[in-house]
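Thanks for coming, everyone. Let me put the model up, and then we'll walk through it.

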Amino acid sequence: MADVTDTDVADRPRSEAESPSPRKAHWARRRILWPLRNLWRSLTSMRTALLLLFLLALAAIPGALLPQRDLNEQKTLEYIAERGKLGTLMDRLQLFDVFSSAWFTAIYVLLFVSLVGCLTPRMVEHFKSLRARPVAAPRNLSRLPRHITRTVDGTPEEIAERIDSRLRGWRSEVVAREPSKAYPDGCVEVSAEKGYLREFGNLVFHFALLALLVSIAVGKLYGYEGTRSLVADGEQGMCNTSTAVYDSFRAGNLVDGTDLSKFCFRVDDFSATFLPSGQPDMYDATISYAEGDAVRDPAAWTTTSVKVNEPLRVAGDRVYVLGNGFAPTFTVTFPNGEKRTQTTPFVPDELQTMLSSGAMRFDTPAGLYPDADERRKNQIALEGLFAPDALYHGTLLTSASPEPRDPAVAIRIFKGDTGLDTGKPQNAYSLDQDLIEQGRLQRQAQVNLAVGQSHTLADGTTVTFDGYQRWVSVQVSHDPAQIWVLVSAVVMLGGLLVSLLVRRRRIWARLVPAPAGESAGQAGGPDSAEEKRRTVVEIAGLARTDQAGWGEGFDEQAAALVADDADPSSSRRTTRRL
Amino acid sequence: MNGSIQVDETLARYSDLLFGTAMAVYVVAAFLFFGALAAVRGRKLEERELVRAGAGASGNGTTTEDRVPGRVEGPQRRTLGDKLGNMGLPVVIVGLIAHLASIVLRAMATERVPWGNMYEFVSMTCAAGVIAALVILRKPEHRPLLSFVLLPVVLLMFIAGRWLYTQAAPVVPALKSYWLAIHVSIISVSSGILMVSGVASILYLLKLRFAANPADDTSSTTRSGFGGAMRRIIDHVPSAENLDRLAYRTVVVGFPLFGLGVICGAIWAEAAWGRFWGWDPKETVSFIAWVIYAAYLHARATAGWRNTSAAWINVAGFVAMLFNLFIINLVVSGLHSYAGL
């Protein structure tokens with residue numbers, strides 16, 4: 001920090017530090033105020049902003065190249081495990097959570113501060129410049145990159161009037177100067193400027209950028225996103241009443257789960273259509289929903305279709321159908337004749353063929369066994385594959401296509417303790433291998449079943465494959481500020497276009513009465529000696545844009561400003577806007 | 001394998017044929033333009049120097065009345081270079097017509113917009129680049145620069161045809177949205193324009209690097225062989241100032257267009273993926289590219305960064321766009337990588 005201060009004090013053109021006052025400033029000003037002010041100045045300088053922009057781009061690169069926890073947690077964990085210590089180190093550097101990492105946040109907060117610090121004074125300056133008079137002509141116009149000199153008929157005042165009237169759309173001013181050393185006869189100056197909209201567009205762009213960042217932050221703080229698997233049987237529904245209804249729920253820091261948007265829905269049907277090549281054609285879920293207090297009234301429920309690019313928008317939330325699969329239905333008939341039926345989602349292992357795997361656990365009916373311990377030891381569990389379009393390699397089941405033409409399952413049936421009472425969280429899609437290895441869960445059979453087929457175990461328990469339902473994975477998203485993100489982005493784009501397309505230009509003209517001798521010589525007319533006064537006009541232009549300069553055409557445009565109306569070719573040019 | 005009723009195989013085959021034709025014709029055109037650049041001998045250079053000197057002299061305000069700057073009076077003998085340059089333009093246009101026909105036929109064969117996979121996207125971007133270049137470089141003296149645009153175009157088309165080729169087929173459900181037509185076309189057109197800009201900045205840097213010594217200007221015209229031809233090519237591309245302005249003007253068009261494309265992508269993502277922005281690898285690199293181009297515009301407005309630094313930033317932006325197109329789609333898996341590979 002000390003370095004920054006020193007160099008900056010030295011660099012500053014005018015400051016108290018350089019004031020001739022011999023008395024030393026108070027130590028607090030010297031040690032605290034000035035360093036702080038210099039830090040602020042260097043932070044809000046364009047160079048720092050550029051540097052921060054680069055840092056931001058650079059910092060985002062690992063976010064693109066490394067697996068990110070937010071996007072794919074499984075892949076991230078594998079990546080870390082593969083690299084051992086290095087992986088752990090990378091994880092501690094937050095390389096797998098780039099966009100929520102401390103360093104990424106630091107860069108964009110600094111950029112944000114730099115932006116505010118840069119914009120505020122510019123805005124003040126812009127409003128001042130809107131009222132200010134055009135800048136007076138520089139002393140030496142020929143030093144400017146674009147300039148011309150002409151000698152024309154007429155007094156300086158007449159010509160100035162002509163130039164001024166032709167500068168339509170410009171803010172211009174005509175000033176008559178007193179005679180001076182450089183111009184003993186006095187002179188008339190025209191100063192004009194246009195393109196104030198450029199700076200305006202620029203400011204709009206940057207403020208809209210701030211608004212965009214604020215909107216995103218608000219959305220993150222107040223938004224939530226929950227996912228849930230639902231069987232598309234028209235019975236299993238859910239209400240967005242609490243975070244507990246979701247399989248997974250992510251929310252902003254200001255969401256406590258008590259004030260979720262009020263609506264309920266259920267999935268009535270789901271269909272996936274495929275092309276003959278096996279490529280998916282469309283996924284279509286039929287969803288019934290109701291919002292607010294109408295959820296209690298069955299007549300108030302509306303049915304709609306939710307497709308891949310068409311989410312359901314209800315009560316300010318969006319409901320997406322993001323995944324789908326098959327949920328086989330099994331019935332277990334216990335030796336005493338009691339039946340238990342379950343439909344459980346299986347996860348697709350192969351997306352091409354929808355060959356899916358999963359597990360089911362059936363509790364024994366009460367009263368079948370004398371005590372709870374015995375009852376627990378005789379639970380039934382299934383684990384295996386579901387194929388929508390069965391294809392057998394010997395007894396090995398695979399699936400020929402994702403369409404449910406000939407559904408079949410290949411399952412292992414277990415008896416024993418399914419582990420549901422252990423209190424240990426279990427994977428919903430597979431059985432606990434520890435239980436099997438410990439012999440607490442014993443394999444009874446391994447069978448392939450088509451729809452309607454069943455298998456009877458040694459103790460008389462029958463397992464029947466009844467059929468299947470489809471299930472969908474539903475995501476409910478809430479982002480109250482996303483419309484403002486869109487508005488800010490569109491305003492940004494508009495401001496950007498204005499700031500890039502409007503040209504900011506200044507033009508100055510200095511009109512000096514031509515010396516009598518020279519005017520005769522220049523005009524070349526032998527007898528025009530003193531009939532008309534002639535004026536030497538110097539016109540210079542400055543393009544105050546990022547462009548290299550005014551470009552071609554300045555000379556012609558400038559010449560058109562002073563040209564005599566009598567000349568038809570020049571009057572045509574006059575109508576062309578500068 | 002994709003032989004389904006949805007695809008007209010004959011049209012698809014003609015589309016592929018035209019794609020190859022367009023590529024071959026572009027190669028011919030590129031050679032013609034390179035020939036035009038390399039064949040220009042000392043005479044034209046001297047004239048150019050005269051023009052530049054005249055423009056400088058007009059600064060003194062003495063003899064400007066009788067001259068219109070930038071125009072060389074008097075009859076001009078047509079050199080081999082001029083002839084080659086004149087031949088190149090119709091050849092490029094023939095190539096472009098074949099290219100556009102290939103895209104249109106692909107659309108007719110599949111009955112959807114012709115940018116549903118990476119092969120089609122690259123083809124579309126290249127066509128946009130060629131059109132942008134034809135518009136931006138429409139002045140006869142800039143025309144030979146088309147060769148430098150055709151070079152990456154041919155390279156990209158070769159990569160697309162050789163490794164990214166996908167048979168004509170309907171798109172996956174996620175792409176069945178009118179946003180496909182809007183988002184992807186805007187992105188590919190802006191990529192094409194930014195490609196022209198990147199090429200201009202690369203040439204600008206080459207020009208500054210190799211034509212820095214004015215004494216070399218004359219010696220290179222007499223040098224023969226490949227090295228001499230290369231030097232002549234560098235010497236005869238438009239002035240560094242022109243190239244720099246060209247790069248800036250194209251960014252001024254390409255950058256807002258790219259921004260619009262990203263906004264459209266975000267609107268689509270909100271409907272398709274459940275969020276408008278999720279730091280998907282493609283989104284991330286688009287963000288990086290956007291930030292780089294923003295930095296370029298800022299650099300243009302910052303003293304001390306205006307020239308070579310700004311050009312380098314523009315080249316970095318070009319690299320980011322290419323990286324986004326290839327590495328992200330081919331190496332990194334993300335939501336954008338369904339693009340028919």
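Which residue of β21(A) does A:Y224 stand opposite? A:Y224 stands opposite A:H478. Before more, some ground rules. This is a predicted model, where local features need pLDDT of at least 70 and side-chain atom pairs count only at pLDDT 80 or more, while totals for chains, interfaces and linings use all residues. Residues are numbered from 1 along each chain as its sequence is written, and chains are lettered from A and ligands numbered from 1 in the order in which they are written.

Back to the strands. β4 of chain A covers residues 224–231. Strand β21(A), residues 462–478, pairs with β4(A) in the antiparallel sense over eight bridges. β4(A) also pairs with β6(A), residues 248–251, antiparallel, over four bridges. There, A:E225 has A:R250 as its bridge partner. Pairing means that DSSP finds at least two bridges between two strands. Strands are DSSP runs of E, at least two residues; helices are runs of H or I, at least four; both are numbered from the N terminus.

Now the domains. Chain A is divided into domain 1 (2–130), domain 2 (134–194 + 503–575), domain 3 (219–320 + 476–490) and domain 4 (324–471). Those bounds come from an automatic or database domain assignment. The C-alpha centres of domains 1 and 4 of chain A lie 57 Å apart.

Last, the interface. 49 residues of chain B are in contact with 49 residues of chain A. Contact means C-beta atoms, placed from the backbone, within 7 Å. On chain B's side, α9 (240–272) and α10 (281–300) each supply at least two residues. α10(B) gives the most, with 13 residues.

Terms used
Contact = placed C-beta atoms within 7 Å.
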